[in-house]
Amino acid sequence: MFEKLAVMEEKYEEISTKLSDPDVVSDNKLYTQLMRDFKNMTPIIEKYREYKKAQKAFADAKEMLDDSSNDKELKELAQLEYDESKENIELFTQELKVLLLPKDPNDDKNVIIEIRGGAGGEEAALFANSLYRMYTMYAEARGWKQEVLNANPTELGGFKEISFSILGDGAYSRLKYESGVHRVQRVPETESQGRIHTSTVTVAVLVEADEVELEISPTDLKIDYFRASGAGGQHINKTESAVRITYLPTNVVVECQDERSQHKNKDKAMKILRSRIYEAMQSEQEAKIASERRTQVGTGDRSERIRTYNYPQGRLTDHRIGLTLYRLEDVLNGNLDEVFDALATADQAAKLAKQEA
């Protein structure tokens, strides 16, 4: 590992020199690539330099302890330095192992989140809206942008389904653990007996794939146009602005009727379709490499129950890592960092254990 780090530090210095070269600065494509590499390497090199500093302090302290000419007071100071630097070496070594774990190539990308009401009818649709609000409030707090791509609202203010994009640096790295079944336990407003109902909502987090990454042949698409309809089925548009696109090779179907413009609906539908196809291709590729679908916490499968939101107890439980928090309202208001940090830590621990096995 440390040989690899020494080579990486040399490369880091080379890149640093190149970034001040006028010829490189004027080459936008090369400069962007070098800046990306420099940014990715910086936390690793900084930690490696802390490690080397601790190693030197440890060696110096050991030399002072071994020197019989030093007095008692000097040796006591040397012992403190020895113990502290030894502890730091162990800490920095572990942190470097985590930093050197293979990075998910999608971590810096934008995402498309699809939320669908499952078991529970209108109650599930209302909770789908609660999850949409939770994710968009989280995105807003981080300064990320969000855009609704397609929505199928209900008359009571819920969503049978809603698809939306979140654009921001590292969006996928934070939100990728959310795919799966989210279960809610609460007393619906329409429940006169005060009984707790259990409903489910499925969430899918997709990487937003652009046209460069994924070319789709027009001959593989069947595009239908129809009139958009609102909640309860009433027509909200007299023109055929809604779009349904079928990807013929796999029969994946995407609909979009959120915009009044046929062209905008088609663009949004293609964005969702591209991301779904990209995810399917990734899943197939990963299945060949490993038996599990993802190295993330859980499988990332939409059929896997990942979390329970219990309103009467104000409790959130993430079943994959055994995390329980009694501040449900706070989480539903978009304060998700504690949950996401715990999931990322568990993911890293699982990867390290696998690497060291």
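**Close-up views of a predicted model**

**View 1. Asn251 in a loop.** Asn251 is exposed, with a relative accessible area of 56%; like everything shown here, it belongs to a predicted model. Asn251 lies in the loop that links strand E7 (242-247) to strand E8 (252-256). Although Asn251 is not a glycine, its phi is positive, at about 60 degrees. Most residues other than glycine have a negative phi.

**View 2. Asn150 in strand E2.** Strand E2 (residues 145-153) contains Asn150. Asn150 has a relative accessible area of 10%, so it counts as buried, the limit being under 20%. Its side chain reaches the backbone oxygen of Glu255 at 2.8 Å. Beyond the neighbours within four places in sequence, the contacts of Asn150 include Glu161, Ile162, Ser163, Cys256 and Ile272.

**View 3. The largest nonpolar core.** This core has 41 residues, and those touching the most other members are Ile113, Ile115, Leu131, Tyr135, Ile166 and Leu175. Helix H5 (residues 122-141) supplies the largest share of the core, 8 residues. A second, separate core of 23 residues includes Val24, Phe58, Ala78 and Tyr82.

**View 4. The surroundings of Ile115.** Leaving out residues up to four places away in sequence, Ile115 touches, among others, Ala128, Leu131, Tyr132 and Tyr135. Further residues touched by Ile115 include Lys160, Phe164, Val201 and Val203.

**View 5. Helix H5 and the residue Gly143.** From its first C-alpha to its last, the 20-residue helix H5 reaches 29 Å, close to the 28 Å expected at 1.5 Å a residue. Just after H5 comes Gly143, with a positive phi of about 80 degrees.

Methods: Residues are numbered from 1 along each chain as its sequence is written. This is a predicted model: local features need pLDDT of at least 70, side-chain atom pairs count only at pLDDT 80 or more; totals for chains, interfaces and linings use all residues. Side-chain values use heavy atoms; hydrogens and water are left out. A nonpolar core is a set of buried Ala, Val, Leu, Ile, Met, Phe, Trp, Tyr and Cys residues joined through side-chain atoms within 4.5 Å. Buried means under 20% relative accessible area, exposed over 50%, partly exposed in between (1.4 Å probe, protein chains only). Helices (H or I, at least four residues) and strands (E, at least two) are DSSP runs, numbered from the N terminus. Contact means heavy atoms within 4.5 Å. The expected span of a helix is 1.5 Å times one less than its number of residues. A polar contact is a pair of N or O atoms within 3.5 Å; within protein, one must be able to donate a hydrogen and the other to accept it, and residues adjacent in sequence count only if both atoms are side-chain atoms.
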